[in-house]
Amino acid sequence: MIQGDLKVTAPIRWAMVGGGRGSQIGYSHRCAALRDNSFQLVAGAFDIDPERGREFGESLRVAPERCYPDYQTLFAEEARREDGIQAVSIATPNSTHFAICKAALEAGLHVVCEKPLCFSVDEAEELRALAQERRRIVGVTYGYAGHQLIRQAREMIANGDLGEIRMIHMQFAHGFHSEAVEQANPGTRWRVDPRYAGPSYVLGDLATHPYYIAEMMLPELRIKRLLCSRQSFVASRAPLEDNAYVLMEYEGGAMGHLWTSAVNAGSMHGQKVRVIGSRASVEWWDEHPNQLRYEVQGEPVRILERGMDYLYPQAREDDRIGAGHPEGLFEAWSNLYYRFALAMEAMDRGDTTAVEALGIPDIDAGVEGVRWVENCVRSADAGAVWVDYA
Ligand code: NAD
């Protein structure tokens, strides 16, 4: 049970690039990083507008001289200080991730980067090589991957509770962009512009979340080939898709299906992962994150509740309050962030075994997300054909 006691030797001196006032995801990073005192926010380049960023940083109690106009100045000035930052989180639009992440690694910093990590596998591999060479952590914020019931599903699958795995159904399909809301909303506008979003919209923005959750549940699964069909139902979004279907064939014969959409009218979030075995299935849905459906063929449905003694021990480690009370996205993010901090500390002392045991979405997860999107786009743009997974 997490009680908020310090897990690292000392809080990690931490900065943010992006995540400024009014951004969608900046507050989630701060809530998660600061919750268990694993990190201390001491600097930042919070906004594309330097003045707005400085004002916002000061309102967060960051010293005025450590609210920088841009990430280049942030990394250069902090490197000169004895008490300079040790880690940085990047919460800016997709088009900037590669350059900022590369500069952070070159400055010797640990990184937490938003998804998608970058635009192409070539860029992602460059970041992986740099992180390995500098022995730095790159964590990627697939937030719900930190939820305890994802770990429960992973243990159930590993222990054979479902039998042989046959199908994996993944979904992240909301309805908030059923109309061209980007005309009035800058946070959506860049998402449908390839210059800022990259080669995809919903595949990179949404689908990489359930894709990674399934990867966590089934770490051994490897895609053999896939087929993707993508559409722009709001025509002005073309060539970027606001809806896509992906079929996957895995090594060993299992099949996967992923539906992602921003035009699933009426749906709030619709992020689900259902794993179907020869004997039973589990299903997790982010709108009811504290309940995991466990359906054994021929028996009544069971709803496994977070925090209960009947769960595997790995699904109890990160409980913050007893069963019955809801835990959700913020707690899942906090679980990721304290594990990121432990991974950074372990990497600093060269303990890669401890890093691996933490089970975080790391640089490999970041690279795999980019690879998957690249393969989906290749298939879709060739006319929705099967392509070997490259
Ligand atoms: P947003 O447009 O709402 O906010 C972006 C922020 O970055 C703003 O404060 C902006 O001023 C700042 N910014 C832009 N360029 C900058 C630069 N060069 N230097 C410093 N600051 C800069 O975007 P958002 O919705 O918060 O998304 C940001 C990133 O987070 C995206 O990559 C997105 O895919 C990702 N995201 C992840 C999740 C998740 O669940 N993990 C959820 C939402 C968004």
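This is a predicted model: local features need pLDDT of at least 70, side-chain atom pairs count only at pLDDT 80 or more; totals for chains, interfaces and linings use all residues.

**Entry 1: the hairpins**

I started at β10 and β11, which pair in the antiparallel sense over 5 bridges. I take strands as DSSP E runs of at least two residues and helices as H or I runs of at least four, numbered from the N terminus. I call two strands paired if DSSP finds at least two bridges between them. I number residues from 1 along each chain as its sequence is written.

A hairpin of 2 residues joins β10 to β11. Arg 274 has Glu 283 in β11 as its bridge partner. Next I followed β11 to β12, also antiparallel, with 5 bridges. This hairpin has 5 residues between its strands. Glu 283 turns up again here, opposite Arg 293 in β12.

**Entry 2: the open sheet of 9 strands**

I traced the order as β13-β12-β11-β10-β6-β9-β8-β7-β14, and the pairing is mixed. β13 (302-305) and β14 (387-388) are the edges; each has a single partner strand, so one side of each lacks a neighbour in the sheet.

For angles I use lines fitted to C-alpha atoms, for helices over the stretch in contact, and values run from 0 to 180 degrees between N-to-C directions. Helix α9 (residues 202-217) lies across β6, β7, β8, β9 and β10, at about 145° to β6.

Further along, β7 (residues 223-231) and β8 (residues 243-250) run antiparallel and share 8 bridges. Helix α6 (residues 148-158) also packs on the sheet and touches β6, β10, β11, β12 and β13; its direction makes about 165° with that of β11.

**Entry 3: the parallel sheet**

A second open sheet has 5 strands in the order β2-β1-β3-β4-β5, with parallel pairing. Its edges are β2 (39-45) and β5, each with a single partner strand, so one side of each has no neighbour in the sheet. Neighbouring strands are turned by 25° against each other on average, direction ignored. I checked β4 and β5: they run parallel and are joined by 3 bridges. Val 112 has Gly 139 in β5 as its bridge partner.

I also checked the UniProt record. Its unreviewed entry lists residues 12-142 as "domain: Gfo/Idh/MocA-like oxidoreductase N-terminal". UniProt positions are in the numbering used here, feature names are shortened, and annotations may be inferred rather than shown by experiment. In the model this span is 40% helix and 20% strand, and its end C-alpha atoms lie 21 Å apart.

**Entry 4: helix α4**

α4 lies across β1, β3, β4 and β5, running at about 165° to β4. Which residues of α4 are buried? They are His 97, Phe 98, Ile 100, Cys 101, Ala 104 and Leu 105. Buried means 20 or more other C-beta atoms within 10 Å of the residue's own, exposed means 12 or fewer, and partly exposed is in between, with C-beta atoms placed from the backbone. Their cover includes β1, α3, β3, β4, α5 and β5. Just after α4, Gly 108 has a positive phi of about 80°.

I then looked at α3 (residues 71-79) against α4 (residues 97-106): the angle is about 5° and the axes are 10 Å apart. That makes the two helices roughly parallel (under 35 degrees; over 145 is roughly antiparallel, 65 to 115 roughly perpendicular, the rest oblique). Tyr 71, Gln 72 and Phe 75 of α3 meet Ile 100, Ala 103 and Ala 104 of α4.

Most residues other than glycine have a negative phi, and most peptide bonds are trans. I looked for exceptions.

- The bond from Lys 115 to Pro 116 is cis, with omega near -15°. Pro 116 sits in the loop between β4 and α5.
- Ala 238 and Pro 239 are also joined by a cis peptide bond, with omega about 10°. Pro 239 sits in the loop between β7 and β8.
- Arg 61 is not a glycine, yet has a positive phi of about 75°. Arg 61 is exposed, with 8 other C-beta atoms within 10 Å.
- Ala 384 has a positive phi near 60°. Ala 384 is partly exposed, with 15 other C-beta atoms within 10 Å.

Definitions and conventions. Two residues are in contact if their C-beta atoms, placed from the backbone, lie within 7 Å.
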